Each structure stands twice: as C-alpha cells, then as structure tokens.
Amino acid sequence: MFFDEQFEVIVIGAGHAGCEAASASARLGVETALVTINLDLIGQMSCNPAIGGIAKGHLVREIDALGGIMGRVIDRTGIQFRLLNRSRGPAVQSPRSQADRALYRTEMRRVLEATPNLHFRQGIVSELIVDKGKIIGVELQDTRRFGANSVIVATGTFLNGKIHTGRKNYSAGRAGEPASIDLAENLKTHGFPVGRLKTGTPPRLDGRTIDWSAFAEQLADEDPVAFSFATEKIEQPQIKCHIGYTNERLHSKIQENIKQSPLYSGAIKGIGPRYCPSIEDKVVKFAEKNKHQLFLEPEGHDTNEVYLNGFSTSLPAELQQDLLRMIEGFDEVRIIRPGYAIEYDYVDPRELKPTMETSRVSGLFFAGQINGTTGYEEAACQGLMAGINAAFHVKHREPVVLQRNEAYIGVLADDLIRHGVDEPYRIFTSRAEARLVLRHDNADQRLSPKGKDIGLLADSDWERFNQRRDNIATLRNTLDKTRFKRTDVEYSTISQILECDLGDSITLSELSRRQGSTPELIYRLLPKYVQAQIAQKDLHTALADSLYSGYIKNQEVATERVNRHDNLKVPNNLKYQEIGGLSNEMVERLERARPQTFGQIRKINGITPVALSTVLVHLNSPRS
C-alpha cells in the first residue's frame, strides 16, 4: 500500500494525552508524528485552566517521576499554586495550580517542537488502516496516508462530538472546532464497542464587568509546592482567585427553566461526570442546599477572561446571563463565552491490555477520554504509558505496566481495564489500597528508577534523584538514632512546647509522631551538618515515611483480610445507606447490584478499597 509518509508511531490528537504520548515516543528514539486538527491549539485547556487537585496532583508527580512533561510545563506557567488538604495527612495532600491558559499552550508547543524525532502534521484522521489484525497507518480527510507500526488514538471529546446549549445543538469537538465523525464510525467498523458520555464547561466572564469586592479572596501559597522534582523555585508572579456563592433566587429561576436544559429535556443521552455536575444538576439533585460555591479563576496575566468554576451549564446563553446577574458582584457582568455541554463517543476500556494497547488490533493504542476518563491529568498519564509502550512495540522491547501498589497510574489503568466505566472516570485517593504509600512527595522514590530504565529520565534528573534518595536515607537514619534524654537541655524545651512528659528519652522519629509536633520543630532539632545538606521537602518525605510506617503494615493486613472473605453472605435486606462511612456513590452502586456475597461486591464496577473494608466490617459485626 502506498503511503505519503512513513513514521514509526502516529499520535492522533494533541490534547494532554496526545502531548505526553508524542513526547515519550519521540524521546525514546522513535520517529513520531503528532497529527491534530489545529496545530495552534496543542495542549489546549478546553475546560478548567488548572492542573492537579486531590489525587490528580499525585498523577502529575508520577508523570514527572517517570520522565513526562506535564509537571514541568505547569511549573513554568502556573499563576496560583496551592497545596490542597494541608490540614490533613501527607497521603491526601496534593498540589494544584491555576495556569495561564495561553502561556501553558505556548510552552507545551515549545517543549514538543524542541523534541528530536517528533513531527507535526495538521489534518483530520478519518480512517485507521488495518491489515491482518495489525495497524499499518492512517488516512486523513484530505486523502493523505501516513504509514506507522504503532498508532495512538488520543482524540478527547472530538469523537462524534456534539455541543448543546439550550435547545440548540451542533456537531463539534470543542466550541469552534469540527468533530471527528469519520474516525468514530471507523472504530465501529473494526468492532470496537462504543458508548456515549458527556461533559460540560462554564461561561467565561469579562473580569472588567465584575465587582471583585463582593467576593472573598483566595490567595496563592507563600511557598509554592512545584509539580516537577526538577523545579527549584516557582519564578512567575502569582495571582488572587476569588470565592462566591449562588443563591435561592437563582436556584428558583433554574427550576422554572429546567426544561430548557438539554440534560433534562432528553436531548442529551450521554452520562456526565458525577464529581463535576452542572449547576442544573446541583440545583435539582441537592435541592436542600440554598447555595453552591463558585470559584472565580482568572485565565492569565494578560487577559480579562475569568473562568467561573462551579457553574458548568448547558442552559441557553441568554438565560446564563440572567442567572449570573442574580449573584451579588455580577450585577453588570458580561459573558465572553457561554457555557455548554458536549457529548462524545468513547470505547469500552475493557478492550485494552494493561499496556493501553487494544486487544482487537495489534499496535493500536488508546489514551485519554476515548477510554472513558475525565480530566487532564488522567488523560496525560494514559498518554505517557501509551507513548512508552507504542515505542517499545516498535522496538520489540518488553512493555511497561505499573501495578496498583506502585502508582495511581497503575490504579487508574487497572480500574479501567478490569471494570470498564459507566460514567466518566476520575481518580481519587480512596481508589487505591496502598494510598498511604502512594504519596505525591515520594513519587520519585517509587518511579524514577523505572523512568531511568525506560529511558525517559535525563542524566541530570537521575543525579538529582540519587542525591535526594541519599538525603532521605540520611534523614531516616538521623531521625531513628538522634535521642534526647531527660537530662538534655533540648528535652525540657520539647516537653514545654508539646505540654507533656516524654518519658526517660525520645528519638526524633518518635517525637515526629507525637501530637503537636511539626516539621519545623524536627528541623530545628536536627544536627547542624544534616540541616546543611537537606531540603525541607526531603524532611517532609522522611517524616511521612515515619508517620505511616505502622499504618502501612495494618493496611496490608486489612487488604489481605478483604481478599479472603469472598464467600461471606450478604443479607438480602441489607440497607447500605445505613452503613456509616459509605459515600452516596458507593451506596448507589451497591443498591443497583444487590450482591449476594462479598466476593460479588469486590467485582462491582467502581467500588473503592475503603468501601470494601467498610462493608466487610459491617458484615462481620454482631448487629449484621
């Protein structure tokens, strides 16, 4: 067959999955083509201009530890860094950063254009060319044909995408861009089972028409936590975000006009993301609430555009304007771009191997929303793994698969492939059995040796990793061996600070686990020579290891206990909503499945390890 050009790997789509896939493949020495509808929108943040968040920040750290690029790009373009869950344990703390949307896109393209072996091509892929069960290339709408040994489909919401605003709907991949209709149909001809999902986005507002004094300020962290282990300092100026609320008057107006929403008129058939509901869903499903929180997030330093996080909607544009003006501070607000909902096709991820390669077609890989996920970070980590394994497919190297106990990336991939999805999949810390081990601060300790073996970690990054590993080992040893006796001067000071007796003696490791102890206190008590060679982030990792050491052993025992109770009977009349500690989502899934044994509960799609443990404890308790 004739091909206009021949590559080794082709990546379709230049969103967050496609960017990671193309970067990884090319840097592994494979001639790679990145094919996208519009080269000016590489790395576009279609929805929220932010990276990270609970568990999502863990994924970005893991991508960075393996040698991916998302962490470095957001560190150079982030304009409000915040570490979430600071008041809680290290395992559930996670970095997040608001991005300068335009700058992020520009920086991502700059990084990719500087990558050897990577070639950009603009066009719409209409067909996958398959011969005897193997991918051999793609055909574009303009009739060009590109040959390849591996192809990665990372099409985001473009597969048969349809945008809804009020009663109006039209074919599109994003507002202002065409959908990929032919490729969606072509996937079906190859036998892939296709479903329908939906997501949405809020209106963007003109910041010059907002009365900012009506909203509470949300400041950036004074000492930003970076995403990349290579980033020494966040250099760019940080901005303020603001917090506001909806009100009962606005809720009533939505209820009166609910039939104008395609979500409730029946126009939208796809299932939306549970944890990012539209304002219509919030008002209907949480009718008892008299207000919902909103975040006003500027989209960059050099723009007046403001992203209204928390107000995703597909109501008519003129109604969106009326609703917003019911909020104090928005009396004169103007909408730059109205919100909308978008439906798109996805392929059942149970079609995948753990490598992100499809089981139907050799050499064909899927990454991102085509697999039923939602979120930039979930897409990027799939893209990274697909890019690695597509390149290794070409090179005939053993594929790379991360296990559930190694990384959140492994949890995500295993959840998708074993269970599939019935709604857009989002990562959470509760999805991981080993979440006390899978912290954002130790992602490099867990994964950088793999990144080095794969070939994505540069020599300078490997040297930095080894230095940090040595520093953490020194700290662990110091924490265990530095002991203060009752006769020591420091003992009295520590006892006064913590307002308790410390016994005859106490080590720094034991002290770090005492209530009221802080990393700052531990740092002051370290020997001077240790203080001189370590960074605060190294100390935080060593302290977290010490804090969780006992819990991790208990968690391993609990996991083993869960796995050996498959024959335990479940009462027919069990009311899951009465089991304390189960989320509404878990109750819904259990009620829908009505399992008869604990083994059947373990096989229910989307049931988290926390939910399994909670139900098991309830079943084993005398009252049940």
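Select helix 11 first: 10 of its 12 residues are buried, so the rest of the structure largely encloses this helix. Buried here means under 20% relative accessible area, exposed means over 50%, and partly exposed lies in between (1.4 Å probe, protein chains only). Helices (H or I, at least four residues) and strands (E, at least two) are DSSP runs, numbered from the N terminus.

This is a predicted model: local features need pLDDT of at least 70, side-chain atom pairs count only at pLDDT 80 or more, and totals for chains, interfaces and linings use all residues. Residues are numbered from 1 along each chain as its sequence is written, and side-chain values use heavy atoms, with hydrogens and water left out.

**Stop 1: helix 11**

Stay on residues 408-419. The buried set is Y408, I409, G410, V411, L412, A413, D415, L416, I417 and H419. What do these buried residues pack against? Show helix 2 (56-66), helix 10 (376-395) and helix 20 (598-602); those are the partners. Contact means heavy atoms within 4.5 Å.

Now check the length of helix 11. At 1.5 Å a residue, its 12 residues should span 16 Å, and the end C-alpha atoms are 16 Å apart, which agrees. The expected span is 1.5 Å times one less than the number of residues. Step just past the helix to G420, where phi is positive, about 70°.

**Stop 2: helix 1**

Go to residues 16-27. Helix 1 has 11 of its 12 residues buried, so it too is largely enclosed by the rest of the structure. Select H16, A17, G18, C19, E20, A21, A22, S23, A24, S25 and A26 to see the buried residues. The 12 residues of helix 1 should span 16 Å at 1.5 Å a residue; the distance between its end C-alpha atoms is 17 Å, which agrees. Just after helix 1, look at G29: its phi is positive, about 85°.

**Stop 3: helix 3**

Select residues 70-77. Helix 3 is mostly covered, with six of its eight residues buried. Colour M70, G71, V73, I74, D75 and T77; these are the buried residues.

**Stop 4**

Start at A55. Its phi is positive, about 70°, although A55 is not a glycine. Find A55 in the loop between strand 4 (50-52) and helix 2. Its relative accessibility is 0%, so A55 counts as buried.

Jump to E499. Phi is near 55° here, again positive in a residue other than glycine. The loop that holds E499 runs between helix 14 (489-498) and strand 24 (505-507). Is E499 buried or exposed? At 72% relative accessibility, E499 counts as exposed.

**Stop 5: V283**

Select V283 in helix 8 (residues 279-285). V283 is buried, with a relative accessible area of 3%. Display H251, I254, Q255 and H292: V283 touches these, not counting residues up to four places away in sequence. Draw the C-alpha distance to I254. It comes to 7.5 Å, across 29 residues of sequence.

**Stop 6: G191**

Move to the loop between helix 5 (181-189) and strand 14 (194-201), where G191 is found. G191 is partly exposed, with a relative accessible area of 31%. G191 and R360 are 169 residues apart in sequence, yet 8.0 Å apart in space, C-alpha to C-alpha.

**Stop 7: L205**

Select L205 in strand 15 (residues 204-206). At 0% relative accessibility, L205 counts as buried. Leaving aside neighbours within four places in sequence, L205 is in contact with I210, N304, E305, V306, L308, L324, F330, V333, R334, I335 and I336.

**Last stop: the whole chain**

Zoom out. The protein chain has 21 helices and 24 strands. Its C-alpha trace spans about 85 × 60 × 60 Å along the principal axes. With 624 residues, a compact globule would have a radius of gyration near 25 Å; the chain has 26 Å, which agrees. That radius is taken over C-alpha atoms, and the globule rule is 2.2 Å times the number of residues to the power 0.38.

Colour by burial. Of the 624 residues, 57% count as buried. Among contacts with a separation of 6 or more, 72% join residues 24 or more positions apart.
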